Amino acid sequence: MAVVAHKRMGRLLRKSRLQMHVAVWLQLTFVVAILLAGIISPVGIQLGTMDLGLFVMVVAGISWFTLLARSLKQGQLMQQAARLISQNRPSQAVPFLVHTLESFSLLRQNKLLALLHLAKIARDQEDHVTTGTLAGEVLRHDLARRKGLSVRACLLLADSLMEQGDADEAGEALSHLHGQRLRVAERLAVLPVLLRWQMLSGKYAPAVACLEEKVQLAALLEARQACLVHVLLATAAKYQHMYEISRFLLRRAALHYDLNMLAQENPSAASYLVPLQIAEEIAGRKPHGHMACVDASPDVQQAVQAADPF
Amino acid sequence: MRSTQEVHSHGHVLRALVQRAVASDRRPPSTLVLQIGAGLLLVFVALASLGVSIPGWGWTLILSAMASIFGVALAYSSWQKRRAFHNIEQAHQWCRLMDVPATSENLERCLSSRNCPEPVRVIGLVELGHICLSAGQSLDAEKAFEAALKHSHRLGPDWLWRAEVGLAEAKLRCEQLTDANTTIKRLSQRELPACWRSRVHLVTCLQGLHMGRAQDVVARSNELWHEFRQHLGVEAGYGYGLLAVALDRCGQAAKALKFWSDATLLIRPERLVQRYPELRPLALKYGASEWPW
């Protein structure tokens, strides 16, 4: 089931885009009004018994504070939604996120965050078209870059495009990351997505560049992701004829996570994994005593057949 | 990874950091905005007491000045908060990589800030405790964890468990076995997510080794090996190492060698020994897996 119905999604996006424009203009209006009030006040124009400048300033100030308080309340809703998502209850978070997109807020980052959370939920539900649409919407706004949301949006967009089989567009999305100073957490998030794209587009040499650093970084990932990164690196190393390193990485992968489970949970990983394991068996050196040959489901086997064997 | 010598040279930096962080247990909240507000109030009181009449435009200017100062103070405070969160996140990642100098540098920046938000400061104490454990300063680690747990309501569940698991290990290393047992028992009885349960089991392995009950660990070694692999990521290497020690103590050399080889395939032996000195005899006895770089 789609995170939000497609028809409603378009309406929501249009509405939130319009509201974000209005928020910018409204803030600008408040600033100009306050500046004007400061300028006209010494002239001494009276509005009844009150100074006009003072009147304008008080009205602008009160309106601004009221709208800001309302927007901050929405920020709390966003926190609640984020908590629900982290507790693995995304369906309960969706109404909060939709409400944030529908109602007006001076703080545009609330809306961008809501879009990003919805994109993540859609990705988890394997609704890749919606994920791409939502992540693309976040990237339309310069504010996303300033608030550090663009990296996550780029990754979601690239991921959804790869799932839809569009490696070129995914590369285009990832190119937004060039030249950005990434934090460790962001570099961690980038690593698996970038490696997957490099493998899809046959860029094996860049995939194995700075290998030591990548392996060190993979140590910070959770078990399954770390295993996937090792499998991808092992495949790239194999294509680059770095057989010893490939074997080493595959053995490490098997110690990070159960490779059988990885193959079942992630068919695209299986498509890399099976040829690697077969190559190991042909070489007569099983990668690890604990690692059995992948017991692939029909879907997985299909993915394996489609993959380019060594 | 930094060298062991470099780690030890940072020992005194960590100790000083713990002393400072624990001493300033109750920091006042950010007072910048309050100070500015009080200052302006004093100015008005002074003007009123002097009987100065303020024209309409004067009020406009005063209001503009107040709004500007308030805005600047708010922006400064939120910048400080963002920087504190950034530093603590960096410290957390460096701590997981066991880079003692980089972690202490980030923690120093975060904990020494006057406007460091309380939740960030408490998380900083947890990270400080863990990096002290990595540097072999168990006593300091214990102090940091206890200071953090005094404010446990400020910690999210993950940080709370991280602090409690760390405290249990610190107490084991400080030979406070009764306290350590109580903490581990409490953690074991709690409903924890799988990855935290595995971390508790890692500490249980260490407890078994400290209490001379290696055979209990050996009895569950296969089950624990799979559990560590499933949930701990690269940290499973420490688990494999501790299992290898238990196996070695019980005379199962072949299996111990295999587990040690698994451990050293994930984590370099010098780092394993730095984090768990119990593994030193194994590092001397068995050969480690070879790394291609």
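1. In this predicted model, B:Lys171 is buried, because its relative accessibility of 6% falls under the 20% limit. Its salt-bridge partner is B:Glu146, and the closest N and O atoms of the two are 3.0 Å apart. B:Glu146 belongs to helix α7 of chain B and B:Lys171 to helix α8 (residues 157–173) of chain B, so the pair links distant parts of the chain, 25 residues apart. B:Glu146 itself has a relative accessibility of 34% and counts as partly exposed.

2. Helix α7 of chain B, which spans residues 138–149, takes part in another such pair. Here B:Arg15 forms a salt bridge with B:Asp140, with 3.0 Å between the closest N and O atoms. Because B:Arg15 lies in helix α2 (residues 11–23) of chain B and B:Asp140 in helix α7, the pair ties together parts that are 125 residues apart in sequence. B:Asp140 is buried, at a relative accessible area of 3%, whereas B:Arg15 is partly exposed, at 41%.

3. A further pair in chain B joins B:Asp248 to B:Lys285 by a salt bridge, the closest N and O atoms being 2.8 Å apart. B:Asp248 sits in helix α13 (residues 236–249) of chain B and B:Lys285 in helix α16 (residues 280–285) of chain B; the pair links distant parts of the chain, 37 residues apart. B:Asp248 counts as buried at 18% relative accessibility, while B:Lys285 is exposed, with a relative accessible area of 51%.

4. In chain A, salt bridges with shared partners bring A:Arg123, A:Asp124, A:Asp159, A:Glu163 and A:Arg196 into one network. Over all chains, the count of salt bridges comes to 31. Side chains of opposite charge can pair when their charged atoms come close.

5. How do the axes of helix α1 and helix α3 of chain A cross? Helix α1 (residues 6–40) and helix α3 (residues 90–102) of chain A have axes that come within 8 Å and cross at roughly 45 degrees. The two helices are therefore oblique to each other. On the side of α1(A), the contact is made by A:Arg8, A:Leu12, A:Lys15, A:Ser16 and A:Gln19; on the side of α3(A), by A:Val98, A:Leu101 and A:Glu102.

Notes. Residues are numbered from 1 along each chain as its sequence is written. Chains are lettered from A and ligands numbered from 1 in the order in which they are written. This is a predicted model: local features need pLDDT of at least 70, side-chain atom pairs count only at pLDDT 80 or more; totals for chains, interfaces and linings use all residues. Side-chain values use heavy atoms; hydrogens and water are left out. A salt bridge is a side-chain nitrogen of Lys or Arg within 4 Å of a carboxyl oxygen of Asp or Glu. Helices (H or I, at least four residues) and strands (E, at least two) are DSSP runs, numbered from the N terminus. Buried means under 20% relative accessible area, exposed over 50%, partly exposed in between (1.4 Å probe, protein chains only). Axes are lines fitted to C-alpha atoms, for helices over the stretch in contact, and angles run from 0 to 180 degrees between N-to-C directions. Angles under 35 degrees count as roughly parallel, over 145 as roughly antiparallel, 65 to 115 as roughly perpendicular and the rest as oblique. Contact means heavy atoms within 4.5 Å.
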